[in-house]
Structures are given as C-alpha cells and as structure tokens.
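Visitor: Could you walk me through this model, with the cut-offs spelled out?

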Amino acid sequence: MEPLSNRKKVLEQKPMNFWERLYLPAIFQGMIITFRHMFKKKETVFYPEFQREFSENWRGMHSLKRDEEGRERCTACGLCALSCPAEAITMIAAERQKGEEALYREEKYAAVYEINMLRCIFCGLCEEACPKEAIYLDGPIVPADYLRKDFIYGKDKLVEEPLKLQQD
Amino acid sequence: MELAFIIEKFALILVIFVISLTIAAYSTLAERKIAGFLQDRVGPNRAGPGGMFQPLADGLKMFFKEEIIPTESSTALFILGPSLALFTSFLGSAVIPWGQDVEIAGRMVSLQITDINVGMLYIFGVVSLGVYGIMIGGWASNNKFSLMGAVRAASQNISYEIPMGLSIIALLMSTNTLSMKEIAEQQHGINWNIFYQPLGFLIFLVCSFAETNRTPFDLPECETELVGGYHTEYSGFKMGAYMFAEYLNMFLASAVMSTLYFGGYNYPGMDWVNEMAGSVIGPFIGMGVLILKIFAFIFLFMWVRWTVPRFRYDQLMNLGWKILIPLAIANIVITGIVITIFEKL
Amino acid sequence: MSISLFYFVAFLTIFFALLVIFSKNPVHSVLYLIVTFFTFTLHYIMLNAQFLAIVNFIVYMGAIMVLFLFVLMLLNLNEGSIGSKSNLLKMVGVIAGMCLIITLVGSLRALDTSDPLVLQTQDLGLVKNLGKVLFSKFLLPFEISSILLLSAMIGAVLLAKKDIKQV
Ligand code: SF4
Ligand code: SF4
C-alpha cells in the first residue's frame, strides 16, 4: 500500500557482530548508566511536607464560589448535574426567603449540593456548564478517607469561605 | 563430645542464623533503596530514621495479613512449599568458612559450623533442593499460573545447574579439594581464585542469578506473563516466607561466590593485621571483610536487577544450553591444558 | 547405637517406599519417593561414604526427581483421571504379584544373617580415596560407563530431534 505520509522509516537490521552478540558489553554499558543515576539529583518531593506547584489548568477539588459581596452564586439550575458524565452531582433547590438576600445572589438557591468524589472524574465539565460561574475545580487533591460515605462532599466542604472583608 | 564443643558450635549456629536473618531482612530494604537510587528516587524513608525500621514494619504487615488457603488446593503441600523453600535456604550457610580459627581460652575455635569433606557439593545439593519448595508450592496452589511458574522454575534450575557444576569442576581442578575451608585457606592474601578462573567465575555468576531466580532470570515469578508466578495464590506470612527465601538464597549465593572466587575472609595484608590485632580480633576482622564482600555481591545482584530487563523464556534456555554449557566445558579443557603445562615446567 | 540408628533409618526407607506405592495421587507418590531417596542418603552417610551420599542427593533428589515431578505436574493426573483397569490387566497384575511373592519367599528361605561388614579403611568413601580407586583400579569400567552415558545422551538428542529429511 502507498504510505499516506512520508514519516515511515525502514530500519536496517544488520546481523549483530561478535561483540554485540556477546551481550556483556551492552549489559555493562547499561549498568554504568544506572550507576551514574545513583549520584544524580533525586526527583522525590516529600509530599505531605512539601507540595508541588500545580499547573495552570490543574483540576482539583470543587469549590462553590461567592460573589464580591459574599453571596453564594449557585442558583441550583442543575446544568452542572446534567453535564456531569459521571453523574456525581446531586442537589435540592430551595427558594430564597425574605432577609436571606445577603446569603444568596439569586432567588433560587441550592439547599443541598452534593458531589460524590468517588464518582467524579475531574473532567471539569460542570465548571464549563455553569452559567453563573459558581463552580470551579481549583482546590487541592481530594484527600483519602476510610468510608464511602465520607467521600460525598456537601456544601459544608464545597462552599468557599465567606470573604474576610465582609465579616468585619 | 565435650560440652565446650557443643556450646561453641551452638553459639556459632545461633550467630550465623541471626546474621543471615538480619542481612536477608535488610536486603529487602536495601533492594528498595537501591532501586530508588538507581531511578533518581530516595526509596522508603518514613519508618524510622531513613527508613531503618521498614523491614520490621513489612514483617509485621506480613503477619497480620489474612492467610488464604485455596479450597481446591492440597493443604499440607500448600504449607510445605514455603516452609521447604525457607528451610533449604538456611541450610547452605553451614559449610561457609566465616573466618580463620579463633583462639578463645586456649581452644582453637573454628568459625565454620562444619567442615565436611565435600562442602562444595553439599552447597550444590542444597541449592538443587531449593527448587522443591517452589515446585510443591506452585503445584499445590492448583492454579495454572502457579503451575506454570513452578514448571519454569524446575526447568530453569535444572538447566543452569549443569553449567554451574561444570564451572565448579574447573575450579576443583585448580584447587584440588572440595572442602570449603581448604579452598578459602588456599586463597591467602590476594591469591584469589578469580585470577585463575575468570571465565569460570562469569559462568558461575550468571548461573547463580538463575538459581536464585533473580532478574534477568526471574521467569518463575514473571508478573507480566504469570500474574505472580508460583506464589500467585500465597498471601500473608507464606508469601513472606517465599520472599525471605529468595533473599536468603541471594545471601548464600553471595557468600559462596566470595568464598570460592574472591578469597572469602582473606584480604591483602591480613598477616600484618593479624599480628597487630592478635589471634582473637584478627579472624573477626576477616569475617568482617567476608561480610563486606557479601554486601558487594548483594549490591551487584540488585544493581543488575534494576538495569537488565527479563529474558524471554527461549532466550533463557538458549543461553543455558547453547552458550553456558559449551563455555563451561571449554573452560574445563583450557584449565586442564594450562595445569598440565605448568606441571611439566 | 549405630545399629539401632540403622534400623530406624531402614524402617523409614521401607515405610516411605510403601507410601510411594499406596498413595493414590501420583504427585504425592513422587514426593514420597524423594523422601525415600533422602533416607538412602542417610544410609550412605552412616557408611561414611560422603561422596556417594552427596551425589545421590544431588543427582537423584535434586535432578532426576525434579524431572519426574516436572512431567507429572505437566500431565496433571488426578485421582479420578487414571480410570479403572480392564479385567485382563488386573489378572496380569495378580499373576505378576504372585510371582514376586514366590521369589521373595524363596530368597528369604535361602537367607541367613551375614556378619556385619567391617570396612578395612574407614575413609574409603571420601572423595580423594574414591577418586584414586576409580582412576586406577577401575579405570576401564569407569570410562566405559561414561561412554555408555554419552551414547545414551546422543540417542536422546537424536530422538528429540525432528527427522531432518522429512521436514
Ligand atoms: S468534574 Fe466532571 S465528573 Fe466531576 S462533578 Fe464536574 S462534571 Fe462531574
Ligand atoms: S453550580 Fe452552576 S450549573 Fe450547577 S447548579 Fe449551580 S449555577 Fe447551575
């Protein structure tokens, strides 16, 4: 068949000469290479004590954002749950009552908002689906735990801390 | 038999038992550390300072793991397998001469458990027995991968025993004795056998890699093809016994190689040191030197493991039967010719 | 002491040899056979024949029995898979067994206890002496048996090789 691209390279396979067939020189060469690595700089990062810089587009734990006045942005529209390929998000919506304007930005808000971190594949589609810019995957690595139920993160773990400026 | 003799031997056995246990346990740590170093990592470092207590933690973990005995297996043989593997790997160190005779309270105490007339053959026999542990365990698991691992182990060990034995024969021709002690004594100072038998040593080295089932010849436990090889069905302490047996075998192989080819407890300038240190400390320095040599060999084993990839099975058999055996026979012939020429001169 | 030790080891030998015959599982049989060979090694050691003992140990226990075990494991015979023998085979077995018993009884009648053998030279079994005897007094039989082994080996290789002309 005609090759579609010219990237194919035919390697020439010469029969090995005596030294190559002996294998030993090649093995010694390899051993010298590995031995040199003993004195190279170690790449290990001692994780809990030191943390590596995350890259720009790192996707970690979710956080539900607040706006400039410290109100929760999420309006429980359910688009994130719909877009989630792993069906990790569930929520219960509620209507904002009088006097709660400082807490929630829209008239409808998520009374319960849960993400199952065992289901989530950290694809970031929820982040993209959100019309209110309310959810971002900008947190750290989701920590390990012992029980399945502890991996279902509710609003207590997801919602951002209220702004310090607001409090005082 | 006098009481002193029994006490002395008993103490020696105890000491060597403890030493080999410790070395084998710390080999597991060393293996992981060296693997780390060779791959630009640091290896385990959490348990104790620099990971010193890692072997203890591992042992504890092994004990507390669930022991699973497959229902379709033959229980007695399933337990016999790892026990036999561990048992045979302890036996070999009985004939290794650990040092020169020590003079304690007017008695000459030999630092060798027993000097049997056929010491070298004894080691050979113990090594060939070691494969039973693997075979029985692999068969008793009633699992096709285990069985395949066991069968591979058997054929590999038999194939590599032959060149190993032949390379020993060439060594025998130049040393004229089978006793480990005499062989060690002949290599006084720097008169080591490696200078007379370089090819024989190379063959012996390759074969001992194969006999201890270490990479590049670890086909019996080859994970990529056989899940876990002969110990697929093993868990908990029985699995630990197999692992431990492997490290003990490595220790024994290193001790044998140091004794046969690298002078054992001999080192250049030992007469002078012995004179300075007296007849009690001197031999123990020799013992230390032997243990250093053993460490060097253990390091070599690990170094090769983390460098050379595993052989394919047919390559393994080709190497054993078509290269090593003819080489070993050629080595015997050359040794014979050289010895006759030197005797004529 | 050494006589009673001998009887003990001899008892073990016969006991395990019987187990070889009576165990149903072929792999167990082979394992018992290995133990039997081990007791042979003990006998050799008691005779102070160190070299023979260790050679028996290496060759029979370490190599030949491994091959036996190897083949049996590959065949994977189970207790059920052997199947029942035909009547003719059973008859032949009975007749052969009877013949064996008659021979044994006959030879037992002719038997009388011999004096315990006393070795003239205690060190006869050591490697050096054995080698000297083999290479001086018994050189011809030794070499001939080596030629026999060589021819057997060549024969085995020939059998294992495919017929070159046919391929
Ligand atoms: S990151 Fe992907 S999988 Fe995880 S909750 Fe968002 S949409 Fe679902
Ligand atoms: S996080 Fe965004 S997409 Fe999801 S329910 Fe809230 S507003 Fe809608």
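The questions and answers below cover a chain contact, a helix pair and a ligand shell.

Guide: Happy to! This is a predicted model, where local features need pLDDT of at least 70, side-chain atom pairs count only at pLDDT 80 or more, and totals for chains, interfaces and linings use all residues. Residues are numbered from 1 along each chain as its sequence is written, chains are lettered from A and ligands numbered from 1 in the order in which they are written, and side-chain values use heavy atoms, leaving out hydrogens and water.

Visitor: Which residues of chain A lose the most area to chain B?
Guide: The contact (heavy atoms within 4.5 Å) takes 18 residues from chain A and 15 residues from chain B. Together the chains bury about 1400 Å², 70% of it on carbon and sulfur atoms; buried area is the accessible area (1.4 Å probe) that two parts lose on being put together, summed over both. On the chain A side, 35% of what is buried comes from A:Met31, A:Met38 and A:Lys42.

Visitor: Are α1(B) and α2(B) roughly parallel or roughly perpendicular to each other?
Guide: In chain B, the axes of helix α1 (residues 3-38) and helix α2 (residues 54-64) come within 8 Å and cross at roughly 110°. Axes are lines fitted to C-alpha atoms, for helices over the stretch in contact, with angles from 0 to 180 degrees between N-to-C directions; helices are DSSP runs (H or I, at least four residues), numbered from the N terminus. Angles of 65 to 115 degrees count as roughly perpendicular, under 35 as roughly parallel, over 145 as roughly antiparallel and the rest as oblique. α1(B) and α2(B) are therefore roughly perpendicular.

Visitor: Which residues come nearest to ligand 1?
Guide: There are 13 residues around ligand 1, each with a heavy atom within 4 Å. The nearest are A:Cys84, A:Cys120, A:Cys123, A:Gly124 and A:Cys126.

Definitions and conventions. Helices (H or I, at least four residues) and strands (E, at least two) are DSSP runs, numbered from the N terminus.
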